[in-house]
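The sequence and structure come first.

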Protein chains: 2
Amino acid sequence: MATHRFDPDFTDNVVNAMGPKTNPRFRQLMTSLIRHVHDFARENEVTVDEWMAGVQLMNWAGQMSNDKRNEGQLVCDVIGLESLVDEITFKLAEEADDAPTATAILGPFFRADTPYRKNGDNIVKGVPDGEMAFMHGRVIDFTTKKPLVGATVEVWQAATNGLYEQQDPNQEEFNLRGKFKTDEEGRYYFYCLRPTPYPVPDDGPAGKLLKLMDRHPFRPAHIHIIATHDGYKPLTTQIFDRKDQYLTNDSVFAVKDSLIVDFVPREGDSQAGLELNYDVKLVPAQSSSTNGV
Amino acid sequence: MATHRFDPDFTDNVVNAMGPKTNPRFRQLMTSLIRHVHDFARENEVTVDEWMAGVQLMNWAGQMSNDKRNEGQLVCDVIGLESLVDEITFKLAEEADDAPTATAILGPFFRADTPYRKNGDNIVKGVPDGEMAFMHGRVIDFTTKKPLVGATVEVWQAATNGLYEQQDPNQEEFNLRGKFKTDEEGRYYFYCLRPTPYPVPDDGPAGKLLKLMDRHPFRPAHIHIIATHDGYKPLTTQIFDRKDQYLTNDSVFAVKDSLIVDFVPREGDSQAGLELNYDVKLVPAQSSSTNGV
C-alpha cells in the first residue's frame, strides 16, 4: 500500500476490532477485504458521492434479485469475478492428480427446479426459430472411462431472442432447459437449439456498469451443463460454439479453450440439421481432483 | 500484487475490455476496483462457495433497503468505509485554507422529508423516557464569525430503545427529528433527549457480519446534524456525548475527537435538566475549504 495522507491507524483499528471468537478463515477474508476496500478508497481518494453511487448500485442489484434472477452475481460476472473464483476453485481441487479439464461459471440463470425429461425429448417448447441440433454423448468416469448409468445431465440455454425462459413471459415455463438421466450405456441425448449469442440483461446495475465501461453486453453462444452422479464430484460447465463472434470477448470472461465445441451437419434426421457429440467426464468424489469435462 | 499461480493475463484482459468512451475518472475507479477485487480473490484463494455467500449477502442488503432504510450503506459502515470516505472527502475540501473542523458520516437513518419545526419546539413526541436536554447555539460564518440568519439546522436522534422512528412502529412519524431555521441573531434552539447508545440493526447482513466478526453493534450516543445556508457549503456531522462508554469503539468508526461535546446541568427550566450549547460554523461556498463545525 502506497503512502497516503489519511489517518494511518484507521484500517488497523477496523481490522483489530474483530473479536477472539472470529472464525480464522472468516478473519482472514475480512482482514483482506477491509484492507483492499480501504486501499481502494485511499488510492483513488473516493469521495462520499462516488461511494454513495456504489452503495445505490449495490442495493439496486439486491432489489432486482429474486428466485429467478441474481443481479448481484451478474455484477460480479461483468468484472470477471465469477470466472476468477471458478479458476481458483478448480485449481485448488486440481492440485493432486488426473489433470481434469476446465469447469465454468454457473451464471445467474440456473433454476434449481428444472424438471426431468426423457432421452430423445426436445427441450424447445413451441415453434423453434433457430437451427435445431441433436446433442448426445455419454457420462463416463474420468479415470476408468467406464460409462456411468443413471447420471444426471442438466442443460439450459437462452432462446434466440437472447432471453432465458424466466426472463421472458412469452416463453413456456422451463423452455430450453431439462434434466436427463443416462441410459444403460451411459448415454444422454436430446434436441435443442444451436445456441446463439445474447446480451446479458442491461436493465440493471450490471448493464449500467457495462455501458459506463463502454463495453458490449454479449455472451458468446453457449449451453450450460451440470452433471452429477452418486460417488462423483458434481460438474458445472458451459460449452461454446467455435463459430461464435464473441468467443474472444465474452462480457463475463467465461470462455476457456477446452470448452469450445463444434456443431457438425447431421444427415437423415427431420428434427435436426446439426449435431453435437459431447462426452461428460466425472471425477470420483474420493479423488482429490475436480471434475473433468 | 504477490506472484500467484492463476492466469497472469486475466485481470489485464478484464481491465482492457473497457472501451475508449469510458469516462476517465470512472475508468480509474473501475481499474482499481477490478484489480483489488481480483487480488483479494487470488491472495485468499476465494472459493465459489465463499464468493456466492458474499453475493447473497450483497443481494440481501439490497432487498432490505427502501426509502426508510439503507442496509448497503450499513454494511459499508461496519467495515469503516463511510467514515474513511468522509475523511477523504473532507481532506480534499480542506486542502486550501481555514482548517475547518471535522465532518462525520450521514448514516443510514437520515430522512429527506423531515418537517420544519419552530425554535423552542420539543422534538420528543409522546412521553420522554430519557433525560431531556435543551440544545441551542448559533450558525455562524466560519471566516467572519458573523451569525447567519435563516440557516437550516436539521437534527435526528434515536429513541432510548435504540430505534430511529422509521424503524419503530410505536414511535410517531418524525419523532426525534426536525429542521429549524435560525432567527434574526442566527440562533436555533429546541428540546431533545440526551442521546443514548444503541446497537445498529442486527437483523440483516450488517448485523450478521458483526456477529461473525465477534464485534458488538453499539454506536456511542450521538445527535446527527445537517446545516445549510445559501452561499455556504452544506455540513453533515454528528456530535458525541463525552460520557459515553462506546466513544472508543464505535461500531461504525465515526467518532472524531473534535466532535465530542459536553451536556451540562440546566437550572430553572422545567422542560430540561441538561443543556448543550453548540455553534455550527459554515464555510462560504466560494471557499476551497469545507465546512467547519
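Between chain A and chain B there are 2 salt bridges, a salt bridge being a side-chain nitrogen of Lys or Arg within 4 Å of a carboxyl oxygen of Asp or Glu. The model is predicted, with local features needing pLDDT of at least 70, side-chain atom pairs counting only at pLDDT 80 or more, and totals for chains, interfaces and linings using all residues. Residues are numbered from 1 along each chain as its sequence is written, chains are lettered from A and ligands numbered from 1 in the order written, and side-chain values use heavy atoms, without hydrogens and water.

**The interface**

In one salt bridge, A:Arg25 pairs with B:Glu50 at 2.7 Å, N to O. Helix 2 of chain A gives 16 residues to the side of chain A that touches chain B, the most of any element; helices here are DSSP runs of H or I with at least four residues, and strands are E runs of at least two, numbered from the N terminus. In contact (heavy atoms within 4.5 Å) are 71 residues of chain A and 71 residues of chain B. The area buried between the chains is about 6,400 Å², and carbon and sulfur atoms give 68% of that. Buried area is the accessible area (1.4 Å probe) that two parts lose on being put together, summed over both.

**Salt bridges within chains**

Over all chains, the structure has 38 salt bridges. Three of them are listed here.

| Pair | N to O distance |
|---|---|
| A:Asp203 and A:Arg69 | 2.9 Å |
| A:Asp183 and A:Arg187 | 3.1 Å |
| B:Asp183 and B:Arg187 | 3.1 Å |

In chain A, salt bridges with shared partners join A:Arg111, A:Asp113, A:Glu165, A:Glu173 and A:Arg177 into one network.

Burial is given as relative accessible area: buried is under 20%, exposed is over 50%, and partly exposed lies in between (1.4 Å probe, protein chains only). A:Asp203 is partly exposed at 45%, whereas A:Arg69 is buried at 18%. A:Asp183 is buried at 18% and A:Arg187 partly exposed at 37%. In chain B, B:Asp183 is buried at 19% and B:Arg187 partly exposed at 36%.

**Helix 6 of chain B and the cysteines**

Helix 6 of chain B (residues 205-212) has B:Pro205, B:Ala206, B:Gly207, B:Leu209 and B:Leu210 buried. Their cover includes helix 2 of chain A, along with helix 3 (48-64) and helix 4 (71-78) of chain B. Just after helix 6 of chain B, B:Asp214 has a positive phi of about 55 degrees.

The structure holds 0 disulfides over all chains, a disulfide being a pair of cysteine sulfur atoms within 2.5 Å. A:Cys192 is buried at 0% relative accessible area, and B:Cys192 is buried at 1%.
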